[in-house]
Amino acid sequence: MLCPCGSKKTYNNCCKLYIEDGKKVPNVELLMRSRYTAFAMKNATYILETSINDTVNEKSIKALEREFESVEWLELIILESARESIEFKAFYRTFDGPIEVLHEHSLFVKKDEKWYYRDGTLFHAKVERNQPCPCGSGEKYKKCCGK
């Protein structure tokens with residue numbers, strides 16, 4: 001299976017190394033990609049463990065798992081990557097709604113030689129009519145999910 005992060009690598013040779021195997025994430029772009037993959041694969045523990053502001057406990061895991069129930073993550077596009085920040089667009093669909101986009105400038109912090117997500121600034125964004133549909137059909141959005 002290809003990794004959901006968009007690297008074009010298999011999951012086993014990509015984000016699995018960080019999410020399941022516990023390998024140290026060397027930079028913020030790989031942390032962002034692995035966190036996106038964890039969202040796509042509904043792995044609340046990894047998301048919470050890689051956030052500087054969250055506590056991993058049963059209550060926080062259950063809360064995040066409830067959010068997973070209504071969202072399908074479709075595509076991640078990294079727009080800009082710097083030493084401690086990433087700008088990205090993540091396309092998703094709620095099970096009762098259209099495809100939407102999360103456009104964020106995320107900030108990261110390194111603590112004890114480990115990278116963590118700190119916070120981010122959201123931008124207003126929408127799926128453009130003439131871009132390829134994030135569902136992966138190969139059609140333009142306007143002729144696919146944007147009908």
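Some ground rules. Residues are numbered from 1 along each chain as its sequence is written, and side-chain values use heavy atoms, with hydrogens and water left out. Because the model is predicted, local features need pLDDT of at least 70 and side-chain atom pairs count only at pLDDT 80 or more, while totals for chains, interfaces and linings use all residues.

I start with the hairpin. Helices (H or I, at least four residues) and strands (E, at least two) are DSSP runs, numbered from the N terminus. Strand 1, residues 71–81, pairs with strand 2, residues 85–94, in the antiparallel sense over nine bridges; two strands pair if DSSP finds at least two bridges between them. Three residues sit between the two strands of this hairpin. Glutamate 80 has glutamate 87 in strand 2 as its bridge partner.

Next, the aromatic rings. Rings of Phe, Tyr and Trp (its six-membered ring) pair if their centres lie within 6.5 Å; planes under 30 degrees apart count as stacked, over 60 as edge-to-face and the rest as tilted. That rule gives five aromatic pairs. Tyrosine 36 lies in helix 2 (residues 28–40) and tryptophan 73 in strand 1, so the pair ties together parts that are 37 residues apart in sequence. Both tyrosine 36 and tryptophan 73 are buried; buried means under 20% relative accessible area, exposed over 50%, partly exposed in between, with a 1.4 Å probe and protein chains only.

Phenylalanine 39 and phenylalanine 68 also pair edge-to-face, at 6.2 Å and 90°. Phenylalanine 39 is partly exposed at 23% relative accessibility, whereas phenylalanine 68 is buried at 6%. Ring pairs link Tyr36, Phe39, Phe68, Trp73 and Tyr92 into a cluster.

Now the cores. A nonpolar core is a set of buried Ala, Val, Leu, Ile, Met, Phe, Trp, Tyr and Cys residues joined through side-chain atoms within 4.5 Å. How many residues does the largest one have? It has 31, and Cys15, Tyr46, Ile86, Phe88 and Phe108 have the most contacts inside it. Helix 2 gives the most to this core, with five residues. A second, separate core has eight residues, including Phe91, Ile99, Val101 and Val127.

Last, an exposed residue: asparagine 13 has a relative accessible area of 55% and lies in the segment before helix 1 (16–19).
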